[in-house]
Amino acid sequence: MSDSSPSPKLLYCRCAYAQVVPQSVKDGVLAKLCDSGTSFESVADLCEMAAHRDERLKAFANTTPIRIAACFPRVVRGLFRQAESPLPEDGVEILNMRVQSIDEVSEGMLKA
Amino acid sequence: MITHTARPLRVVLYEGTGAIALSAPARAQVLAALLDKGYAVTRATAQGSTGFPHDDRSLLVLGQFQNQQAPDLEDATGKVTIEARDITGLETLDIVSLVEKARGNKPMNQPGTWKPWFPVIDYSRCTNCMQCLSFCLFDVYGVSKDGKIQVQNNDNCKTNCPACSRVCPEVAIMFPKHQAGPINGEVVNEEDLRREKMKVDISSLLGGDIYARLRDRSEAAKSRFSKERSADKALEERKKCLTKMAQDGFIPAEVLASLPSPDEIMRKAEEAQARAQAALSANGTPA
Ligand code: SF4
Ligand code: SF4
C-alpha cells in the first residue's frame, strides 16, 4: 500500500451468537487489537446482523479499505451480499479466525 | 419475513485526547463483555481510522475522562443522541451494568436466545438452478425481481438443519454456524464436489418417493399418493428416516419431527416446484 493510501478500517466480529470461532483465537485477536493502540470497530455477530439486514453492514461495505477479522471469506462475502450490501472486490481483506492463528490474524489486521 | 435488528445504542470506548487510556487487559475485558452481551463497540483512539458512517441514533461514550468528568456532547446535526459517562475506577461488571442501565428497557437482540441459522448463497458458485427452492418446504428461498435465487425468509430455516446444502449440485449453499466444511464456508475442493453431489435422499427425508411422483404430475399419481399415505405408514417412514439421519448426524431429530403432514408436504413441494419452474422459464432456462 502506498503512503498516500488511507489506513484500512478494522472490523472485528465476536461470533457471539453461536461461537463457531474458537474462544482462544477470538480472545487472543481482541487482546492484540486492544494492545495495538489503534482504533477499531467491533460487532457481536455479523451473521446476526445479516439475518436482520442490519443497515450498519452497508456502512462497513462502503468504507474501504477495510480489514475484517471473522471467519471464512466466502461466508463473510455471502453475508454482506445477502444483506444487500455486497463487499467490493477490491480493498477488502478478510482474516479467518476459524482456521488462522492469533498471530496470523492480528498481524494481517495490524500490518502497516 | 426479516425481523429487523433492535439497535438501541452503540458504545464508544473513547481513549483519545482528553481521556486516559485503560490498561490493555481491562480494555480487552470490557470489550469482550459488551460484545458477548450483543453490543456493537467502537474503540476510538487518536491512532488509526475510525468513523464508519453509521445510522445509530444513540451513542454512549465511555472513557476515563480528566477530573473524572464526562463531557457534555452534542451532535451538530441534532440527529444523534450522545451521552458520555466516566468509567474511572470501574470494574468490567460495573461498566456492563452502566451500559445496561443506559439502554434501559429498550429491546436489543442478545446472544443466547437465538442462533442465527440460515443458508447463505455463494453466488460465485451458484448457477441459479433453483433446486434449493424446489427442495425447501419452509419457504426459506425465493426469487429476486431479476430472477435470481435468494434467501428471503431466513427466520423460517430450521436450526441446525443444513439439508438444502446437500441438494445444491454446486456446493454453493453455506451455513456459517455449521461445524464442518465445506458447508461452513471452507474453500470447496474436488473431493467435496464429488461427495456433495451425492444428494440427500429426498425420498427418505419426506417419507416416500415424492419426487418421482412430482415428476409424474398426473392427477392419478397424486391421488394414488394420498391414498398410500396412511398416518401410520408416514410415521413409520419418518422414524426410519430419523434413525438414518441421526446415524449420519446430519439433520437434527427435531427437524424431522416438525415436518408438516404428508398432504401438506405434497402441497408445499408442488408449490415450491411451481415457483422454481416459473423462475426458470422466466429466465429462459429449460426446467
Ligand atoms: S461471520 Fe463468521 S465469525 Fe462472524 S458471526 Fe458469522 S460465523 Fe461467526
Ligand atoms: S441449488 Fe445451489 S446452484 Fe442451484 S440455485 Fe440453489 S444455491 Fe444456486
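Predicted model: local features only at pLDDT ≥ 70, side-chain atom pairs only at ≥ 80, totals over all residues.
Reader: OK, switching topic. How many residues does the contact take from chain A and from chain B?

Author: Chain A puts in 47 residues and chain B puts in 57 residues. The area buried between the two chains is about 4,600 Å², with 53% of that given by carbon and sulfur atoms.

Reader: What about salt bridges, how many are there across the interface of chain A and chain B?

Author: The rule finds four of them across that interface. One pairs Arg10(B) with Glu41(A), where the closest N and O atoms sit 3.0 Å apart. There are also 28 residue pairs in polar contact across the interface.

Reader: And which parts of chain A supply the side that touches chain B?

Author: At least two residues each come from β1 (9–13), α1 (23–36), β2 (40–43), α2 (46–51), α3 (56–61) and α4 (73–82) of chain A. By residue type, the side of chain A that touches chain B has 23 nonpolar, ten polar and 14 charged.

Reader: You mentioned β2. Which strand of chain B do bridges join to β2(A)?

Author: That's β3 of chain B, residues 41–44, joined to β2(A) by three bridges. The two strands run antiparallel.

Reader: So what's the bridge partner of Ser42(A) in β3(B)?

Author: Ser42(A) has Val41(B) as its bridge partner there.

Technical notes
Residues numbered from 1 in each chain as written. Chains lettered and ligands numbered in written order. Heavy atoms only, no water. Contact = heavy atoms within 4.5 Å. Buried area = accessible area lost by both parts, 1.4 Å probe. Salt bridge = Lys/Arg side-chain N within 4 Å of Asp/Glu carboxyl O. Polar contact = N/O pair within 3.5 Å; in protein donor to acceptor, adjacent residues only side chain to side chain. Helix = DSSP H or I, 4+ residues; strand = E, 2+ residues; numbered from the N terminus. Nonpolar A, V, L, I, M, F, W, Y, C, P; charged D, E, K, R; others polar. Pairing = 2+ DSSP bridges.
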